Amino acid sequence: DYNLPKESKVTLQVYDMNGRLLSSLDKGNQSSAQHSLQMNVQNMKSGVYMIRIITNNSTNTAKLIVR
């Protein structure tokens, strides 16, 4: 889940723990609201990944654990 305080272009990126970009998803312009994203992790190995959410005004990073 992520919250946008105002309308913004959103890009979501997934990185492995070595800093390699594994995937990038351009979500386009999204309204100011609470948003959620469901990811299919069946093809990902167990481990820890980082998700970066990039908007017009900020960049936030969160941990993703795949079991």
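Select serine 8 first: its place is in strand E2. Helices and strands here are DSSP runs, numbered from the N terminus (helices H or I with at least four residues, strands E with at least two). Before you go on, note that this is a predicted model, in which local features need pLDDT of at least 70 and side-chain atom pairs count only at pLDDT 80 or more, while totals for chains, interfaces and linings use all residues. Residues are numbered from 1 along each chain as its sequence is written, and side-chain values use heavy atoms, with hydrogens and water left out.

Is serine 8 buried or exposed? Serine 8 counts as buried because its relative accessibility is 2%; buried means under 20% relative accessible area, exposed over 50%, and partly exposed in between, with a 1.4 Å probe and protein chains only. Leaving out residues up to four places away in sequence, serine 8 touches Gly28, Asn29, Gln30, Thr55 and Asn56, where contact means heavy atoms within 4.5 Å.

**Zoom out to the whole chain**

Switch to a cartoon view. The protein has six strands and zero helices, so the pattern along the sequence reads β-β-β-β-β-β. The C-alpha trace spans about 35 × 20 × 15 Å along its principal axes. Of the 67 residues, 27% count as buried. Take the contacts between residues at least 6 apart in sequence: 47% of them join residues at least 24 apart. If you draw the accessible surface, it comes to about 5000 Å², with 44% belonging to carbon and sulfur atoms; the areas come from the Shrake-Rupley method with a 1.4 Å probe, and for residues only the protein chains shown count as cover.

**Walk across the sheet**

Now colour E3, E2, E5 and E6. These four strands form an open sheet in the order E3-E2-E5-E6, with antiparallel pairing; two strands pair if DSSP finds at least two bridges between them. The edges are strand E3 (21–30) and strand E6 (59–66), each pairing on one side only. Neighbouring strands are turned against each other by 20 degrees on average, direction ignored. For such angles, axes are lines fitted to C-alpha atoms (for helices over the stretch in contact), and the angles run from 0 to 180 degrees between N-to-C directions.

- E3 and E2: eight bridges join strand E2 (residues 8–16) to E3. Select glutamine 13 and you will find serine 24 of E3 opposite.
- E2 and E5: six bridges join these antiparallel strands. Threonine 11 stands opposite isoleucine 54 in E5.
- E5 and E6: eight bridges join this pair, which forms a hairpin with four residues between the strands. Isoleucine 54 has threonine 59 in E6 as a bridge partner, and methionine 50 has lysine 63 in E6.

**Visit leucine 4**

Next, select leucine 4, in strand E1 (residues 2–4). Leucine 4 counts as buried because its relative accessibility is 5%. Beyond its neighbours within four places in sequence, leucine 4 is in contact with Val10, Gln30, Ser31, Ser32, Ala33, His35 and Thr55. How far apart in space are leucine 4 and alanine 33? Their C-alpha atoms are 5.4 Å apart, although the two residues are 29 apart in sequence.

**Find the salt bridge**

Show side chains for aspartate 16 and arginine 20. They form a salt bridge, and the closest N and O atoms are 2.8 Å apart. A salt bridge is a side-chain nitrogen of Lys or Arg within 4 Å of a carboxyl oxygen of Asp or Glu, and by this rule the count comes to one. Aspartate 16 counts as buried because its relative accessibility is 11%.

**Finish on the surface**

Last, select Met17, Val48 and Ile65. Together they form a nonpolar surface patch with about 270 Å² of accessible area. Patches are made of residues with over 30% relative accessible area and no salt bridge, joined within 9 Å for like charges and within 5 Å for nonpolar side chains (Val, Leu, Ile, Met, Phe, Trp, Tyr). Valine 48 belongs to strand E5 (residues 47–54) and counts as partly exposed because its relative accessibility is 32%.
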